[in-house]
Amino acid sequence: NKMSAVTIQHQRHLDALLQLSLAFSKVLDPDEQAKVALSEIVRLLGAERAFLFLQVGQTQDLVMKAGRDASGGDLQELKGYSSTVVQQVRRTRKPIVVSGTDEGAVLGSESAVVHNLRSIMAAPLLIRETLVGIVYLDNSLAKGVFTESDVGILLAIANHIASALETSRAARLEVERTALEKDLEVTGAVQSLLLPKEDTYRGKEYELCAYYRPASQSGGDWWWYDVKEGGNCLILVGDITGHGPGSAMMTSAVASSYQTFQAMSEEGLVPDLMTTLNATLSRLCSGKYLMTMSALEIDVKRKALNWWTSGAPPVMILHEDGTIESIVERGA
């Protein structure tokens with residue numbers, strides 16, 4: 001008889017996990033999986049209600065992920081349950097079985113008495129010894145609905161739920177990562193259209209050679225050069241805070257603003273240009289993104305190099321004799 005009872009208990013474990021696995025195989029959404037799991041728990045263990053709590057956020061607060069009743073309906077509101085039992089499971093990371101209001105009072109669970117909860121059972125959801133949530137079920141109709149033999153079944157189901165949720169989370173992150181890489185690839189391709197098509201220029205008086213390589217597929221760096229009539233050249237080098245799609249979009253806005261300024265401004269004075277670009281960024285970003293900018297103007301007739309800066313690093317000049325000169329200006 002003893003062996004028969006053990007065999008029956010093992011069979012219940014296997015049947016419960018089989019039913020849950022079959023149910024999970026039909027549902028991939030983690031929210032729906034939680035509801036399916038609770039429905040199976042209610043059916044298998046004779047509970048009136050079942051709740052799934054998950055730890056979320058940096059503070060690891062326990063929040064209700066899903067709730068189901070004996071009829072298979074969703075429980076939208078979390079009320080009339082034993083918070084003391086839930087907190088004890090959270091603290092000890094061990095399952096609890098409570099049968100009757102007396103045991104509830106022993107646990108110090110006022111809600112077990114107030115809401116006439118005659119049977120309560122809860123178990124932790126663990127992933128590699130880390131608590132990720134709690135499964136809770138109760139019954140107000142009869143005492144002793146849950147027994148110690150049910151604990152093993154609930155723990156097995158809880159582990160299955162934890163593994164399924166972790167698998168879903170990992171799969172979701174992989175999908176998001178793949179989508180992000182695709183977005184970065186597209187953003188990088190679009191950003192490259194806003195850069196000069198040639199990174200070298202050879203004139204009579206000087207040569208220009210530029211090197212550009214973002215730290216990732218898209219970033220907040222932007223540069224441009226324009227050779228004017230008579231050989232004068234304007235070179236712009238800017239850097240938006242951060243990198244990624246957001247920063248790349250801001251550099252696109254700056255590049256578009258520059259092209260518009262050049263098309264509409266007859267004189268194209270650099271101070272006016274810097275003011276226009278600053279106003280564009282301020283209007284679009286409201287301070288969320290900032291940009292440093294260097295503007296270099298090669299004046300062929302005067303054989304001079306003019307420099308304007310908005311928080312940019314100093315200009316380094318390498319002379320023919322090998323000496324290096326650093327030009328530094330104060331102010332933003």
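In strand 10, I298 is the bridge partner of C233. This pairing comes from a predicted model, in which local features need pLDDT of at least 70 and side-chain atom pairs count only at pLDDT 80 or more, while totals for chains, interfaces and linings use all residues. Residues are numbered from 1 along each chain as its sequence is written, and side-chain values use heavy atoms, with hydrogens and water left out. Helices (H or I, at least four residues) and strands (E, at least two) are DSSP runs numbered from the N terminus, and two strands pair if DSSP finds at least two bridges between them.

The C233 pairing belongs to a set of eight bridges that join strand 9 (residues 233-243) to strand 10 (residues 291-299), the two running antiparallel. Strand 10 is in turn joined to strand 11 by seven bridges, again antiparallel, and here A295 has W308 of strand 11 as its bridge partner. Four residues lie between the strands in the hairpin of strand 10 and strand 11, where K303 takes a positive phi near 55°. These strands sit in an open sheet of four strands with the order 8-9-10-11 and antiparallel pairing. Strand 8 (219-227) and strand 11 (304-310) stand at the edges with a single partner strand each, so one side of each has no neighbour in the sheet. From one strand to the next, the twist averages 10°, with axes taken as lines fitted to C-alpha atoms (for helices, over the stretch in contact) and angles running from 0 to 180 degrees between N-to-C directions.

Eight of the nine residues of strand 4 (residues 119-127) are buried, so the strand is largely enclosed by the rest of the structure; buried means under 20% relative accessible area, exposed over 50%, and partly exposed in between (1.4 Å probe, protein chains only).

Helix 7 (residues 245-264) should span 28 Å for its 20 residues at 1.5 Å a residue, and its end C-alpha atoms are 29 Å apart, which agrees; the expected span is 1.5 Å times one less than the number of residues. Its buried residues include M250, V254, Y258 and F261.

Turning to charged side chains, a search of the whole structure finds seven salt bridges, each a side-chain nitrogen of Lys or Arg within 4 Å of a carboxyl oxygen of Asp or Glu. One of them pairs D299 with R302, the closest N and O atoms being 3.3 Å apart. D299 is buried, with a relative accessible area of 12%, whereas R302 counts as exposed at 55% relative accessibility. Salt bridges that share partners also join K35, R68 and D74 into one network. Within this group, R68 and D74 have their closest N and O atoms 2.3 Å apart; R68 is buried at a relative accessible area of 14%, and D74 is partly exposed at 35%. K79 and E77 meet in a salt bridge as well (4.0 Å, N to O), and both K79 and E77 are exposed.
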